[in-house]
Amino acid sequence: MQTELEANAPKDFDFIIGDWTVTHRRLKEILNGSNEWTEFKGRSSTIKTLGGFGNLENVYLEFPDASYRAVTLRSFNAETNSWSIWWLDSRFPDTLDVSVVGSFNEGVGLFYADDILNEVRIKVRFMWDSLVPSKPRWEQAFSKDNGKTWETNWTMEFLKSQ
């Protein structure tokens, strides 16, 4: 039986619930003008949590040199109408990445954070495109000029697992 609170849960990330095969493209060198990409496969499985006000994505990445697991945790703040997203990488099990915070508008979600990369202050942007729910797309971009320009450094294209 669904509670009233669960009935009012946001639907923004409903498109990603389930099991997926993922095609990753990751820039080999970040924020130095590189145009060389590495492509690799992966899998993900996402479930709802917090009565629909959150979700948990279990990720398996098959990098060319080694495979590893990660977890994405997303939670919705009804007061601010925004999502927070955290990344936990099994190679660094004691460290949650800085959360990116944002929201969806007409099927596209934009999420931002301030962070530090190699002792340089950067802005981080995640973009979720759910305009075609059967083929969602995610990308990560960094900016070292306070958001004036962005370098996309990682993309993920999802295909529903059979």
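I began with Arg25, which lies over the face of Trp37, 4.4 Å from the ring centre. I counted a charge as sitting over a ring if NZ of Lys or CZ of Arg is within 6 Å of the ring centre and within 35 degrees of the ring normal. The model is predicted: local features need pLDDT of at least 70, side-chain atom pairs count only at pLDDT 80 or more, and totals for chains, interfaces and linings use all residues. Residues are numbered from 1 along each chain as its sequence is written, and side-chain values use heavy atoms, with hydrogens and water left out.

I then looked up Arg74, whose charged end sits over the ring of Phe13, 4.8 Å from its centre.

Next I searched the whole structure for aromatic pairs and found 20. Rings of Phe, Tyr and Trp (its six-membered ring) pair if their centres lie within 6.5 Å; planes under 30 degrees apart count as stacked, over 60 as edge-to-face and the rest as tilted.

I noted that Phe13 and Trp128 are edge-to-face, because their ring centres are 6.0 Å apart and their planes stand at 90°. Phe13 lies in the loop between helix H1 (4-7) and strand S1 (18-27) and Trp128 in strand S8 (residues 120-129), so the pair ties together parts 115 residues apart in sequence. Helices (H or I, at least four residues) and strands (E, at least two) are DSSP runs, numbered from the N terminus. Phe13 is buried at 2% relative accessible area, and Trp128 is buried at 3%. Buried means under 20%, exposed over 50%, partly exposed in between (1.4 Å probe, protein chains only).

I recorded Phe13 and Trp128 in one aromatic cluster, whose members include Trp20, Phe53 and Phe158.
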